[in-house]
Amino acid sequence: MVAAAAGLDWLIGDPAQIVHPVVVMGWFIGTTRTLLERVVGDNPLALRLGGGVITLGVVLGSGTVGWTIERLCFAPSPIHALGWSLLLIGLASALAARSLRSSVSAVVKALPTSLGEGDLAPARQRLSWIVGRDVCELNEQEILRATAESASENAVDGLFAPLFWMLLGLALWRISPNLPGPLALAWAFKASSTLDSMLGYRTGRLYWMGTAGARLDDLLTWIPCRIVMVTLPLVAQPWSRWTELVRAAEHDGAPDPSPNAGRSEASFAHCAGIRLGGRNRYGANWVDKPILAEHCPSPDRTAIMRVLNLNLKLELLWLLGVILIW
């Protein structure tokens, strides 16, 4: 079922005509945030506690909805058929391989055909949909770097971390079908990831309100990120370089303030052979990110497609490996 969900994700992605579960999670987070700010104002302690309550409610609520759908799979006929259908659609919704590839490819396609010539506004606009940095003044090379970094980091957040929690849910089902399974764990993770993307900023009231969601997302992504680090070289380079690539990714990614983002980008940088990192602007602030794979060339269009193809190869490796182990 998980393998079928991965195939469905690649086939149709996230259709705009269907309300995505993450949209529902985002609506709930936005509504409760507005209510919390209206009630407590700028009180740091109240904002931190309220953020924790929002985090607990969204994560547990999303996991409970997923667990309820899983219960339908073990109900009498014909309800169980509905349950398995909803389970397949729900699992596919938690994966973002097709949408990540489409959004990254859209940036590359929007770039001028000739280097240094043409309007960069369309590419900047599409890039702004997938990154948090200021893109208004980026040149073409900086757009390519930001796109490659987004493809590398979001591969873990949007694909491999939810896939890991699905597979862990399958393992729990082998113990007992009454335990939370693949959809419950995947949707709980997606809730934490959505919380981090909406509230996990060190500015204004979010400095306190988003702490719980950001810390939970770091925790839930920690193991999947390390598994990506040790498995990505298997589909990227000769296996004789495995130790070298894993050590290089850890060395370059460890200085990043995020326990996962830097390592994710560093692993793809070394495996794809591209130089990432550098200075980024977030609003009025400039942030100097660690340089990753310093001796490699800067990313071009071909290199970005190489990163996307590594995502596909690694997803297939994970699924094949789990099927053989199963």
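Author: The general idea is to set the radius of gyration, taken over C-alpha atoms, against a globule rule of 2.2 Å times the number of residues to the power 0.38. For the 326 residues here, a compact globule would have a radius near 20 Å, and the protein chain agrees because its value is 20 Å. This is a predicted model, in which local features need pLDDT of at least 70, side-chain atom pairs count only at pLDDT 80 or more, and totals for chains, interfaces and linings use all residues. Residues are numbered from 1 along each chain as its sequence is written, and side-chain values use heavy atoms, with hydrogens and water left out.

Reader: How many helices and strands are there in the protein chain?

Author: Helices (H or I, at least four residues) and strands (E, at least two) are DSSP runs, numbered from the N terminus. The protein chain holds 14 helices and two strands.

Reader: Is Ser192 buried or exposed?

Author: Relative accessible area decides this: buried means under 20%, exposed over 50%, and partly exposed in between, with a 1.4 Å probe and protein chains only. Ser192 has a relative accessible area of 0% and is therefore buried. Ser192 lies in helix 8 (residues 182-199). In the protein chain, buried residues form 48% of the 326 residues.

Reader: Which residues does Ser192 touch, not counting residues up to four places away in sequence?

Author: A contact means heavy atoms within 4.5 Å. With that exclusion, Ser192 touches Val59, Gly213, Leu216, Asp217 and Leu220. Across the protein chain, 68% of the contacts with a separation of 6 or more are between residues 24 or more positions apart.

Reader: Which residues do ring pairs link into a cluster?

Author: Rings of Phe, Tyr and Trp (its six-membered ring) pair if their centres lie within 6.5 Å; planes under 30 degrees apart count as stacked, over 60 as edge-to-face and the rest as tilted. The cluster consists of Phe74, Trp84 and Trp173, and the count of aromatic pairs is six.

Reader: What should be noted about the backbone at Pro78 and at Ala293?

Author: The peptide bond from Ser77 to Pro78 is cis, with omega near 0 degrees. Pro78 sits in the loop between helix 3 (44-72) and helix 4 (79-93). Ala293 is not a glycine, yet its phi is positive, at about 55 degrees. Ala293 belongs to the loop between strand 2 (285-288) and helix 14 (301-325), and counts as buried because its relative accessible area is 3%.
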